[in-house]
Amino acid sequence: FVESSCHSRIFWMKLNKLLLQGKFFQLEINDPYAGPVLLDEKLASRCGYVLSADVWGNPVFRASVLGCHVANEADELFSLTVNIKVSSFSSMRAAVTYTYPMYCSYSSWASREIVCEENYMEVSVKTDVPAVSNDYTVAWMSALPETQNVAYQLWQLMFVSPSGRKTITVSDAAKLGYSFNNTLSRVYLRAPYHSNESDVSVVSGVNMNMVTSTSMYRQRWLLLLIDTTVSCPVDGISFTDTTLTWTVPSVIPTLVVQESSFLSKNILMGVDGRVIVNPEEKNYLLEHNETHIRITVPIGAEGGQLKSSVSGGVYGVIYSIDLFLEHTWTDADWQTTKYNVIKSITTPFMPQIPTVINNTLPEERLFNVAFGHFLPDVSLVAIAIGNVPFTPREAQHHGFKIYETPFSNRTKGFILEVSFDDPYILKEYVNRNETKYTLLINYTISVGPEMTLYYHSAEVECVIADIEIPEAVGYCDEENMYLAIPTFGLHQYWNLYLGNKLLNRHVALTNGYLAATNSTHLILQIPLFAVGVIYEEVSFQKIKARFDVALRKVRTMETLQMFSISCSFNSSAFIICHPDGAITVSAQMKTVPAIDMSKTKLRDSSCKPREYSEGHAFFKFHVTTCGTSVRFEGDHIIYENEISYEKETLPGQSTPTITRDPDYRLTVLCYYRAKETLVLGASASDPSTSPPFGSGTMVPRSNTAVYRRIRQALNVVSRVSKDESFVDFYEPNMPILKRPEEPVFLEVELKDENPSVELCLENCWVTRSLDFNSTPRWNIIVDG
């Protein structure tokens, strides 16, 4: 739990935070003569100690070999004992004490050595300690420290600052936070940063904290003056997104009086107190010129420490590195100066938004999602799939695969694998034959030694063509059409529509269809004269009929496929009332004796059969022609005509006229709903039975033409614009003269407030009167 070392002239000790986890600790410095002394900030800066923590929270302790409580043997061997006290209580009661001795050997002293630590500046100067007389110089120098203490009380310190000069005794200087002492061969001064006697100056763009002092020893006839000025940088740190840079001046004027004699001898850099011989091998950059020494370190480089952190709900990292710089130079005033600066540098918080990498394998129907990049101090605590939370163990038990994977630059990520078919995956039918699978993920990770929770959500989608659009098979018999439609996906992805009506069991029964299902298909039987049948061609004794069913998406109603069956039928007797008002009739001769079917006619005797045979007559006419009458019953419009036979008479002497021909009358009725767009359902029957042949039943269908109803049924207003801008309109009832090739700019507006009513302008014509059925008429829009 404790690591220690000696680098150059500094004791280094690091405590493992695991020893202190959840506990309180104190450090005591063991004075060989006075016993343990509790380490605090004032004692640390005055006596040459540093207590801090690295970026991971491990306590770090450093001490100068010239520290107050360091045992010194001939300025070469140094020892320091530290007591580590650990307690479960903040009052430190019931503390356990670990005594830890440290040793250091250092003999390569320069004439002047300066140490710039985090909380203190130290200068030591090599000199012979003055003695009272030559007779006992050796004895005095080897005397006990108490004797030395008496001796150095004779020293005085003179400070020069912007406020003037101040001369104080060593004991008074100690009260101000300074530490002055002498060893067998050196005199040293330790000063805190930013004391009243200090000054700040800018050297080559770097702020330097400086204490200008002279140490004086007076005894009888002897006056000894020693320059103990010290100056240390307090900034010089800059950052980019990828690097940190530390700048120190090459020449510090307060330490080099005669700059012309300055000669740089050696520049070394180190990390964690250890000298880096070849900085470029570790991607460090050490540069120097006449004014600057600059160290540049890539963020994340070896020797430093990266730590994850969370700030304001954002994940990021902090990089910390303990650098030191040793600059050795000579000048005319000093033989050699060794200048050491120790700098712990920590970058600002650097946001690093985690990324979700989609490595999904559609061919394996497997989501593969990587979540990273993270430092080793991050762990996955929980994961929610589709808003359902799981611990990693629960997720594994459910069937998800979660595992860590290493990435480059010493980072890691978390891999999640989830099957497309997992119940927590959202599935949506899209496009024609594709499914969109959506994986909703919420990560909860524990960050850093503080175990701060960080949350990140992601949504991963994959669209694959894994749905087969059904294909219908059609066939016919003598009286029916059949559609066999696969049932897979019906009502889940698609619905069947007859026009704009959902084709369900109720609609099928109402319209006269028969529907049957087996394990794979829906079989729909459609009689020839059922509602919804489209008659493509109607001729004498032949009907070409078609039936259409639309396959539409459940949600969007988009039509994906039309299933159609078209067949030709031989039918000897029928009546078909077409949506456009046309009527086709195949009348069958069933009289005794037989009649000549070519002589049958409609009410308008000019309307004769278009085709005929011995047993049938074929008529085709419009509801507005051939003497067809119209009447209203409830919400229906009924058109009626009659097929009759012109009897041949024998010439007689007097009335009545004699004929051999029987009566032949066939009533033709067509029913249309007045308020809806309609399609006809017709049936064939024997004219001798009731109801009479030709009566039909009308049912709604919204995607076919409507026979025009009376003007007042819907609130429809039309206007004619004078040009294509539709700004200026003709006045109502104003005659408008147009040549046949000129366009007509017509606006039709539906003012009905019923939200279920829509306006579709399919046919528009002009007549001579307000009667819709008047002839002649001129078409403007056909099949709009």
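The structure is a predicted model, in which local features need pLDDT of at least 70 and side-chain atom pairs count only at pLDDT 80 or more, while totals for chains, interfaces and linings use all residues. Residues are numbered from 1 along each chain as its sequence is written, and side-chain values use heavy atoms, with hydrogens and water left out.

Most residues other than glycine have a negative phi, and most peptide bonds are trans. Against that background, the bond between G372 and H373 is cis, with omega about 0 degrees, and H373 belongs to strand β31, residues 366–374 (strands are DSSP runs of E of at least two residues, numbered from the N terminus). In the loop between β30 (355–358) and β31 lies R365, whose phi is positive, near 50 degrees, although R365 is a residue other than glycine. S204, which is not a glycine either, has a positive phi of about 50 degrees and sits in the loop that runs between β16 (199–203) and β17 (206–219). S204 counts as partly exposed because its relative accessibility is 34% (partly exposed lies between buried, under 20% relative accessible area, and exposed, over 50%, with a 1.4 Å probe and protein chains only).

Strand β49 (residues 582–588) has six of its seven residues buried, so β49 is largely enclosed by the rest of the structure. With strand β48 (residues 574–577), β49 pairs in the antiparallel sense over four bridges (pairing requires at least two DSSP bridges between two strands), and C577 has I583 as its bridge partner in β49. These strands, β48 and β49, form a hairpin with four residues between them, where G581 in the turn has a positive phi of about 95 degrees. β49 also pairs with strand β52 (residues 616–622), in the antiparallel sense over seven bridges, and there A617 is the bridge partner of A587.
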